[in-house]
Amino acid sequence: MSFRLSFLFVMFLASVMPSQAQFRLYEKGHDSYTAGKYPEAINLFNEYLTKRTRDKSIDGDVFYLRALSYYKTNNYQKAIDDFEEAILVDHPNSGNIYWFKAKCNINIGNTEAALSDYNKALSLLTADKQAKAKLLYERSQIYIKNGDLSAAYTDLQNAKAANPSNADVSKELEKLEKQNVASRGTLKETPQTNASVKNDDKKDKPVNDNATVAKTETENKTVTEPINVPSQQSVTTAANPSLADLYKDERRFALVIGNSNYPKNIGVLKNPVNDATDMARELERSNFKVQLLTDATYGQMRAALLKFKEQVDAGDRDKTVSLFYYAGHGLQQDQENFLVPIDAAIEYEDDIARYCFPVQRMVLANMERSNSRINIVILDACRNNPFPSLNRSLGDQGLGEMRRARGSFIAYATAPGSVASDGSGKNGLYTQELIKAMQKPGLTIEQVFKEVRQNVLRFSGDKQNTWDSSNIVGDFYFKF
């Protein structure tokens, strides 16, 4: 074998052997879990998740199994955290994950969250009649504890229809029938919960999403107007609809995050909270339903993204727009961009993936899998390197250019690998100019960001060059 071939073979082994060793960690964790050695499984999965060269495609299984291990050892909050991580990396067993998450929330006394989880589990497991009956039975027990006997009775009726042989359902239904619950009022097939859950018209299909609530309420409104013979002007208007008419059914959802109050070792930032707050206000004026988060921990960011994912997933295909905006510290590692929560405890390179928020895997990937026709990601996150001691190992400063997801428009405050200023005024320069451009009616999204680039270059003395990339089909307007 030639020297060159020998060298290549050695390099191949050097790249393969670490990943094989880490996969064995996963296998050992899996074996420990199946053997009932839950603390041992947790330790092995913890170690696996610290490895940068691990196969990230099985992270969902690792989070799921570690969550189950926490559940088995009554560590319910940590189980919830891991179940959410598994959902966000698109674990295929999401119906059961929501079910376990509901049980965890019951055990920590969070019945509102438990109801939401049961609703989601029911929407995902509706084809499994036995599972559906069990879920409806368990949800009915929450309603009974809350004193909502009518809702409990409806759930039990639906559970009985799904699985007539379920003894627990029959027993509980008989109790309520003895209390004459059925005669107390007209019962709907699937109840409205305290979480503002509405139903659609399909039999036995619970609909449990706030976005669906908004749609249902809008559709149920009736407007009475006098009948007039249409004028020539109204005929012309109908033949040439305005932009507002064309997009009147579009539903818009935004998650806006601004992190300023970092510890001194990371570096306090002046403007991100102001930027996020002002951006959220402007997006609301552009008909977005906005979820605003400021000075957020990793757990808060994860929970907000999970809610955002559920909203966008429930949207109508080709009539939904999703937007994610972030201002704060950010960095890149191993071709992944990470957003830094205010509680990130970074001492070593391995800590980044553990304590920071991956944009591609947890934002873009979920937006791409949704029904959204356009996914807009805006990152004002390149102010400086928050971890100078890791500067050499991290390589270039700033964020890296991301793979463009289906129907995505990705915008950066500055070009990949570059650093932007935090700004001297109330807002950072980028967000300041972006809000101004968004307020101008009739501009497509491409025109908005071209104007932003022109103004940021001018006001920064050609030092800050904004960047965006797109593969969207069709047009989008912030203002019509």
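Buried means under 20% relative accessible area, exposed means over 50%, and partly exposed lies in between (1.4 Å probe, protein chains only). Strands (E, at least two residues) and helices (H or I, at least four) are DSSP runs, numbered from the N terminus.

This is a predicted model, where local features need pLDDT of at least 70, side-chain atom pairs count only at pLDDT 80 or more, and totals for chains, interfaces and linings use all residues. Residues are numbered from 1 along each chain as its sequence is written, and side-chain values use heavy atoms, with hydrogens and water left out.

Strand β5 covers residues 336–339. E336 and F338 point one way from β5, N337 and L339 the other way, and all are buried. Two strands pair if DSSP finds at least two bridges between them. β5 pairs with β4 (residues 330–333) in the antiparallel sense, over 4 bridges. There, L331 has F338 as its bridge partner. The hairpin of β4 and β5 has 2 residues between the strands, and D334 takes a positive phi near 50°. β5 is also joined to β6 (residues 357–358), by 2 antiparallel bridges. In β6, F338 has P358 as its bridge partner.

**The open sheet**

An open sheet holds 6 strands in the order β2-β1-β3-β7-β8-β9, with mixed pairing. β2 (288–294) and β9 (467–470) stand at the edges with a single partner strand each, so one side of each lacks a neighbour in the sheet. The twist averages 10° from one strand to the next. Axes are lines fitted to C-alpha atoms, for helices over the stretch in contact, and angles run from 0 to 180 degrees between N-to-C directions. β3 (residues 320–327) pairs with β7 (residues 374–380) in the parallel sense, over 7 bridges. A327 has D380 as its bridge partner in β7.

| Helix | Residues | Angle to β7 |
|---|---|---|
| α16 | 359–369 | about 155° |
| α18 | 429–438 | about 140° |

**Aromatic rings**

Rings of Phe, Tyr and Trp (its six-membered ring) pair if their centres lie within 6.5 Å; planes under 30 degrees apart count as stacked, over 60 as edge-to-face and the rest as tilted. The whole structure has 15 aromatic pairs. Y26 and Y48 have ring centres 6.4 Å apart and planes at 50°, so this pair is tilted. Y26 sits in helix α1 (residues 3–34) and Y48 in helix α2 (residues 38–49), 22 residues apart. Y26 is buried at 12% relative accessible area, and Y48 is buried at 1%.

Methods: Contact = heavy atoms within 4.5 Å.
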